[in-house]
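Student: I would like to go through this structure one piece at a time. Please show it first.

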Amino acid sequence: MKRRILLQGFAALTVLPLMPACRSQVVGEASSPITRINKPHKEWRELVSPRAYQILFEEATERPESSNLVYEDREGTFVCAACYLPLFESAHKYESWTGWPSFTQPIAGHVATKIDFRMIWPRTEYHCARCGGHQGHVFKDGPPPRGERWCNNGIALKFVSTDEQLPALRG
């Protein structure tokens, strides 16, 4: 009987180090002084479409090739669809052949990252530093020199061409 309890204890000890992996952990925060908005989700739900709300605030993912932003090649800025914070410049967009808009880097300090374990293996997830809206994931298979692919949900972004004025921040 005591041997069984001892073996069960050893089994529990082997699983114990994996327990923190069940939660998302913050890896990096925005480095610039972006003021975080703490708007209730109910208010965001009234400002964005139902699908955008699912992606931005429930961390859903759109189907590949479902966003026209995959093919957007004009010069401009990609802003968060919720709060309008500029997140990416078109100069850093590239065709990754994944079906999602992809970028080599974000605007410095405008995104925050955390480790996501929902697919069992760890992935780096990123969010808008201002409203916390889920944007996508960063992968280490991008082009030189950084080797990063910032893979974004198109519904989580709005494109503003250089001949248009950036919208006022929403909050």
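The questions and answers below go through the model.

Tutor: This is a predicted model, in which local features need pLDDT of at least 70 and side-chain atom pairs count only at pLDDT 80 or more, while totals for chains, interfaces and linings use all residues. Residues are numbered from 1 along each chain as its sequence is written, and side-chain values use heavy atoms, with hydrogens and water left out.

Student: What pLDDT does the chain average?

Tutor: pLDDT is the predictor's confidence in each residue, from 0 to 100. Of the residues, 81% score at least 70. Over residues 9-30 the pLDDT stays under 50. The average for the chain is 85.

Student: How many contacts beyond four places in sequence does the model have for residues 9-30?

Tutor: Contact means heavy atoms within 4.5 Å. For residues 9-30, where pLDDT stays under 50, the number of contacts beyond four places in sequence is 22.

Student: How many residues of strand 7 are buried?

Tutor: Helices (H or I, at least four residues) and strands (E, at least two) are DSSP runs, numbered from the N terminus. Buried means under 20% relative accessible area, exposed means over 50%, and partly exposed lies in between (1.4 Å probe, protein chains only). Strand 7 covers residues 123-128 and is mostly covered, the number of buried residues among its six being five.

Student: Which residue stands opposite Arg-123 of strand 7?

Tutor: Two strands pair if DSSP finds at least two bridges between them. Strand 6 (residues 111-116) and strand 7 pair in the antiparallel sense, over six bridges. Opposite Arg-123 stands Asp-116.

Student: Which residue in strand 8 stands opposite Glu-125?

Tutor: Strand 8 (residues 134-139) runs antiparallel to strand 7, and four bridges join them. The two strands form a hairpin with five residues between them, and Gly-132 in the turn has a positive phi of about 80°. Opposite Glu-125 stands His-137.

Student: With which residue does Glu-125 form a salt bridge?

Tutor: A salt bridge is a side-chain nitrogen of Lys or Arg within 4 Å of a carboxyl oxygen of Asp or Glu. The closest N and O atoms of the pair that includes Glu-125 are 3.7 Å apart, and the partner is Lys-114. This pair links distant parts of the chain, with Glu-125 in strand 7 and its partner in strand 6, 11 residues apart. Both residues are buried, Glu-125 as well as Lys-114.

Student: How many salt bridges does the structure hold?

Tutor: One of them joins Lys-39 and Glu-43, with the closest N and O atoms 3.5 Å apart. Another joins the side chains of Lys-140 and Glu-148 at 3.7 Å, N to O. Salt bridges that share partners also join Glu-59, Lys-114 and Glu-125 into one network. The number that the structure holds is eight.

Student: Which backbone nitrogen does the side chain of Asn-153 reach?

Tutor: Asn-153 sits in the loop between strand 9 (149-152) and strand 10 (157-161). At 3% relative accessibility, Asn-153 counts as buried. Leaving aside neighbours within four places in sequence, Asn-153 has contacts that include Ile-55, Trp-100 and His-134. At 3.0 Å, its side chain reaches the backbone nitrogen of Glu-62.

Student: Which residue does a cis peptide bond join to Pro-144?

Tutor: Most residues other than glycine have a negative phi, and most peptide bonds are trans. Here omega is about 5°, and the residue joined to Pro-144 is Pro-145.

Student: What phi does Trp-97 have?

Tutor: Trp-97 lies in the loop between strand 4 (93-94) and strand 5 (102-103). Trp-97 is exposed, with a relative accessible area of 74%. Although Trp-97 is not a glycine, its phi is positive, at about 60°.

Technical notes:
Polar contact = N/O pair within 3.5 Å; in protein donor to acceptor, adjacent residues only side chain to side chain.
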